[in-house]
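Visitor: I'd like to learn how to read a fold. Can you walk me through this one?

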Amino acid sequence: MLVLFQRETCPDCKPVRELLTRLQVSYMNVNVPKPREDRHELIRVTGSKYIPALVDGATVIPGSLRENADIIAHLKERFGDPDAEPEPRA
């Protein structure tokens, strides 16, 4: 089960949630507190205090300040890119 650490008002988290919805992937949503110093579970699991952060089994993608590209790339690689053009048939 995927676990997404995020906050509803985080502008970098919204595209990750939207991609997960478009991919129709089930995930557990963990809302973290706004004060970074209070994000104890997030820090324990990912080693980072930033969101969004994703845990996919043994793969942990820690958050980094104002960045979600690593998570987006991981999800598209694992589940496919819903916006990609279909491969032409040979």
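Visitor: What pattern does the protein chain follow, read along the sequence?

Guide: This is a predicted model, where local features need pLDDT of at least 70, side-chain atom pairs count only at pLDDT 80 or more, and totals for chains, interfaces and linings use all residues. Residues are numbered from 1 along each chain as its sequence is written, and side-chain values use heavy atoms, leaving out hydrogens and water. Helices (H or I, at least four residues) and strands (E, at least two) are DSSP runs, numbered from the N terminus. Here the protein chain reads β-α-β-α-β-β-α.

Visitor: In what order do the strands of the open sheet sit?

Guide: Strands of a sheet pair through backbone hydrogen bonds, either parallel or antiparallel. Two strands count as paired if DSSP finds at least two bridges between them. In this model the order is S2-S1-S3-S4, with mixed pairing. S2 (27-31) and S4 (59-61) are at the edges with a single partner strand each, so one side of each has no neighbour in the sheet.

Visitor: How many bridges join S3 and S4?

Guide: Three, in the antiparallel sense, with S3 covering residues 53-56. Asp 56 has Thr 59, in S4, as its bridge partner.

Visitor: Which strands does helix H3 touch?

Guide: Contact means heavy atoms within 4.5 Å. Helix H3 (residues 69-79) packs on the sheet and touches S1, S3 and S4. Angles run from 0 to 180 degrees between N-to-C directions, using axes fitted to C-alpha atoms, for helices over the stretch in contact. H3 makes about 30 degrees with S3, while H1 (residues 14-23) lies across S1 (2-6) and S2, at about 155 degrees to S1.
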